[in-house]
Amino acid sequence: MTAARWVAWAWLVSRLALIGMALVIIIRADYSTSFLQVVSHWDVQHFLGIARDGYQTTGEDAQRMAFFPGWPLLLAPFMALGLPGAAVGLVISAVASAFAAAALYRLGGRRVGPWAAALWLISPAAVFGFVPYTEALFCALAFWAWFFAKNDRWAIAAVLAAGACAVRVSGVFLVVALGVLILTRPMPAGTALGKRLAAWLRRGLWLLLPVAAVGAYLGYLFWLTGSWTAWSDAQQAGWSRAWAGPTDSILRTIDVIASPMYDDRPGWDTVFTFELVSFAVGLLAVGWLWRRRQWAELVWIAAQLAAFSSSEWLMSVNRAVLLWFPVWLIAGELASKRVRAPGARIVQWIGRIGWIVVSVGVMLWWSQMFYRSEWSS
């Protein structure tokens with residue numbers, strides 16, 4: 001089996017596994033819920049609401065301004081034709097997750113790429129790349145933007161990055177990381193300063209396109225509300241993302257895990273424990289990238305860690321790990337590392353199989369939490 005076919009099978013099997021768990025939940029509920037209902041919890045309702053009604057400025061619906069418009073804009077035309085928005089979102093996520101996996105395959109090359117893509121497809125929080133959330137689409141756009149930027153094709157990279165910026169605020173960090181990629185791109189020894197500046201400017205001007213995508217949404221919110229802080233205000237009102245220091249954010253997260261005052265919120269302690277683990281994974285990746293002097297990739301993850309640790313508590317870090325393509329390339333490198341000693345190869349395969357089994361197990365456990373509308377990051 002070729003490496004590309006192996007990735008395709010990983011995509012198919014992982015999607016079927018997530019569908020299968022949804023069917024299990026439906027059967028356990030005595031068929032009192034439908035497939036589209038079990039995949040449409042939490043933020044899906046906000047996206048569908050924006051696609052149907054647009055952005056509102058009063059009541060709880062005003063909190064939906066925290067969501068960027070790219071995903072609802074994709075769903076809106078299909079919903080206007082009478083198609084279920086959740087079903088359309090599932091199809092888009094399925095296609096986007098395949099493209100994202102393909103981008104990881106290309107970024108990692110023939111040795112690292114297949115493992116990076118496969119491990120991303122069966123990652124613990126993979127359900128968010130399956131249901132009608134923004135993760136799959138954002139990853140497809142951002143990963144390919146990075147691929148084209150690395151290959152010095154900045155026009156295509158800028159268009160894809162602009163799409164990513166329209167989908168999630170995470171696009172802001174992508175633009176910053178792409179800027180660092182421009183500044184750290186190797187040039188022939190002895191290149192004159194003037195030529196360096198011209199090369200930086202020529203590439204950097206393309207980043208105005210994704211910056212404009214973010215600016216357009218913030219400008220729209222200002223036109224709608226008269227406030228330049230409408231987006232951050234919605235974040236604070238709906239998701240307790242008030243500004244806080246990293247120490248306070250981490251301690252508050254630990255308090256959620258350990259304090260009995262949250263005992264009436266089943267699953268919170270487990271999910272917030274995973275938030276800490278995901279944050280630690282990000283820190284380890286930053287250390288790895290620092291050692292490798294991969295500054296742009298380092299900034300991509302470090303900027304998000306800084307943002308997550310500057311709010312009231314660590315939240316949605318589990319989902320953000322899906323966006324951290326350097327983490328999956330590191331994972332692919334570790335899994336594909338060549339060893340020669342027969343004993344070492346046996347240990348390596350045991351490790352690979354164990355990784356896959358544990359990851360798939362956690363993925364299915366996480367998906368059933370989402371399908372049952374339990375707190376799942």
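Visitor: In this predicted model, what is the handedness of the crossing of α7 and α8?

Guide: The crossing of α7 and α8 is left-handed. The residues in contact are Trp154, Ala161, Ala164 and Cys165 on the α7 side, and Gly171, Val172, Leu174, Val175, Leu178, Leu181 and Ile182 on the α8 side.

Visitor: And what angle do α7 and α8 pack at?

Guide: Helix α7 (residues 154-167) and helix α8 (residues 171-184) pack at about 155°, and their axes are 8 Å apart. Angles over 145 degrees count as roughly antiparallel, so α7 is roughly antiparallel to α8.

Visitor: Why are α13 and α16 called roughly perpendicular?

Guide: Look at the angle: helix α13 (residues 268-292) packs against helix α16 (residues 325-336) at about 75°, with the axes 10 Å apart. The range for roughly perpendicular is 65 to 115 degrees, and therefore α13 and α16 get that name. Among the residues making the contact are Trp288 and Arg292 of α13, and Pro326 and Glu333 of α16.

Visitor: What makes Arg168 and Glu135 a salt bridge?

Guide: Their closest N and O atoms are 3.0 Å apart. The cut-off is within 4 Å, so the pair counts as a salt bridge. Arg168 sits in the loop between α7 and α8, while Glu135 is in helix α6 (residues 135-150), 33 residues apart, so this pair links distant parts of the chain. By this rule the count comes to 11 salt bridges.

Visitor: Which residues form a nonpolar patch on the surface?

Guide: That would be Trp9, Leu12, Val13 and Leu16, with about 380 Å² of accessible area together. You'll find Leu16 in helix α1 (residues 3-28).

Conventions. Residues numbered from 1 in each chain as written. Predicted model: local features only at pLDDT ≥ 70, side-chain atom pairs only at ≥ 80, totals over all residues. Heavy atoms only, no water. Patch = residues over 30% accessible without salt bridge, like charges linked within 9 Å, V, L, I, M, F, W, Y side chains within 5 Å. Areas by Shrake-Rupley, 256 points an atom, 1.4 Å probe, with all protein chains shown as cover. Salt bridge = Lys/Arg side-chain N within 4 Å of Asp/Glu carboxyl O. Helix = DSSP H or I, 4+ residues; strand = E, 2+ residues; numbered from the N terminus. Axes fitted to C-alpha atoms, helices over the stretch in contact; angles between N-to-C directions. Parallel < 35°, antiparallel > 145°, perpendicular 65-115°, else oblique. Left-handed = near helix turned anticlockwise from the far one by under 90°. Contact = heavy atoms within 4.5 Å.
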